[in-house]
Amino acid sequence: MTHTTLPSDIPRTMRASVLVEPGAIEIRERSVPTPGPGDVLIRVASVGVCGSDAHYYREGRIGEFVVDQPIVLGHEASGTVVGVGAGVSAERIGQRVSIEPQRPDPDTDESRRGLYNLCPHMQFYATPPIDGALAEYVTIGSAFAHPIPDEMSEDAAALCEPLSVAIATTRKAGVTAGSRVLIAGAGPIGIALVQTVLAFGATEVVVSDLDPRRRDVAAKFGATAVLDPREQDVAGLHVDSFVDASGAPSAVLAGIQAVRPAGTVVLVGMGAPEMTLPVQTIQNRELFLTGVFRYANTWPTAIALARSGRVDLDSMVTGRFPLAEAEQALNADRTPGSLKAVVRVQE
């Protein structure tokens, strides 16, 4: 296929939920994007709300990424291919897909090494100034629109994105059969991690969180033990891997003390830009300490885990909202018991 293929029923304009300034969302009419060479056009079905979306909505920035012009939020997305750009087979039209929301430059050193998530020229959905998926149509490179099985729901397909964060983290943590893992934080990523490390073979998964409701959720999704870090010391756990999904300096410090010699510490939670670490403990125990920034080469695994039932993404959804109520979805995390809100764009 050497030309763009768009069915005649594709409209010229669409609705989009636009963050016009911190704390202000408007539904606006925008032009439907045209897929460029190698792209597909997707009619968006479901969009998960991430903590980063809520942070941009409330604060207008995350670290060095600043919202200085109207932007469409949302990077956890699924939908159906409805058009293709030059170089993409028209046979892709009609495929239900999970969107990997990134456009790396294939010619950077990082991309050539397979670490395209670290590409310095990355264009990532809903990271200023790149628009995200809270709109009726989006485009993405065809290789980043992953076909999903018939039995997978659109919500689950959208949540392959946070699941991919968990997969990247689990790989970094070196989790394998028989691993003992401590996870700090039982938010959406923490719950995805519980399921993922179990799927990778962990036999003991301890979750710490301040909120008793979240601890209950972690237990429901398979954690073998849950604890309140204010009341129980984790230092003697002697785990193989510690993953921080909270971003809290106190949780990081406590978790490092819980790791056996030559164990692994993985930081994935967004928290303080700087913190003091127990360097002597890290040196004396020869701990491996690393971070996770998004993901690379995770979607086939995410789809397989969800399809097999070893990870239950649908049960993580605690609220569904139409596009017109995107602002309520962005505030859903303030509702007690909320885990993951999704926006059903076409409803």
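Guide: Let's go from the whole chain down to single residues. Keep in mind that this is a predicted model.

Visitor: Which domains does the chain have?
Guide: The domain assignment gives domain 1 (13-153 + 313-344) and domain 2 (165-291). Domain 1 is listed as two stretches of the chain.

Visitor: How far apart are the centres of domain 1 and domain 2?
Guide: Taken over C-alpha atoms, the centres are separated by 28 Å.

Visitor: And how many residues are in contact between them?
Guide: On the domain 1 side there are 8 residues, and they are in contact with 10 residues of domain 2.

Visitor: What feature does UniProt place at residues 23-343?
Guide: The UniProt record, an unreviewed entry, puts "domain: Enoyl reductase (ER)" there.

Visitor: How much of that span is helix and how much is strand?
Guide: Residues 23-343 are 26% helix and 28% strand.

Visitor: Let's do sheets. What is the order of the 6 strands in the open sheet?
Guide: The order is 15-14-13-16-17-18, with parallel pairing.

Visitor: Which ones are the edge strands?
Guide: Strand 15 (225-227) and strand 18 are the edges. Each of them pairs on one side only.

Visitor: What's the average twist?
Guide: From one strand to the next, the twist averages 15°.

Visitor: What holds strands together in a sheet, anyway?
Guide: Strands of a sheet pair through backbone hydrogen bonds, in a parallel or an antiparallel way.

Visitor: Zoom in on strand 13 and strand 16. How many bridges?
Guide: They pair over 4 bridges, in the parallel sense. Strand 13 covers residues 180-184, and strand 16 covers residues 239-244.

Visitor: Which residue in strand 16 is the bridge partner of leucine 182?
Guide: Phenylalanine 242.

Visitor: New topic: loops. Where is aspartate 107?
Guide: Look between strand 9 (102-103) and helix 2 (109-112); aspartate 107 sits in that loop.

Visitor: Is aspartate 107 buried or exposed?
Guide: Aspartate 107 is exposed, because its relative accessible area is 53% and the cut-off for exposed is over 50%.

Visitor: Which side chain does aspartate 107 join in a polar contact?
Guide: That of arginine 112, at 3.3 Å. Another distance to check is from aspartate 107 to histidine 121: their C-alpha atoms are separated by 9.9 Å, and they are 14 residues apart along the chain.

Visitor: What about arginine 294?
Guide: Arginine 294 has a positive phi too, near 60°. Its loop runs between strand 18 and helix 9 (299-308).

Visitor: Are those two buried or exposed?
Guide: Glutamate 286 is exposed, at 59% relative accessible area. Arginine 294 has 16% relative accessibility, so it counts as buried; the limit for buried is under 20%.

Visitor: Last one. Where is serine 338?
Guide: Serine 338 is in the loop between helix 10 (326-330) and strand 20 (340-344). With 16% relative accessibility, serine 338 counts as buried.

Visitor: What does serine 338 touch?
Guide: Leaving out residues up to four places away in sequence, serine 338 touches Thr318, Ala332 and Asp333.

Technical notes
Residues numbered from 1 in each chain as written. Predicted model: local features only at pLDDT ≥ 70, side-chain atom pairs only at ≥ 80, totals over all residues. Heavy atoms only, no water. UniProt positions renumbered as here; feature names shortened; annotations may be inferred. Helix = DSSP H or I, 4+ residues; strand = E, 2+ residues; numbered from the N terminus. Buried < 20%, exposed > 50% of the residue type's maximum accessible area, 1.4 Å probe, protein only. Polar contact = N/O pair within 3.5 Å; in protein donor to acceptor, adjacent residues only side chain to side chain. Pairing = 2+ DSSP bridges. Axes fitted to C-alpha atoms, helices over the stretch in contact; angles between N-to-C directions. Contact = heavy atoms within 4.5 Å. Domains from an automatic or database assignment.
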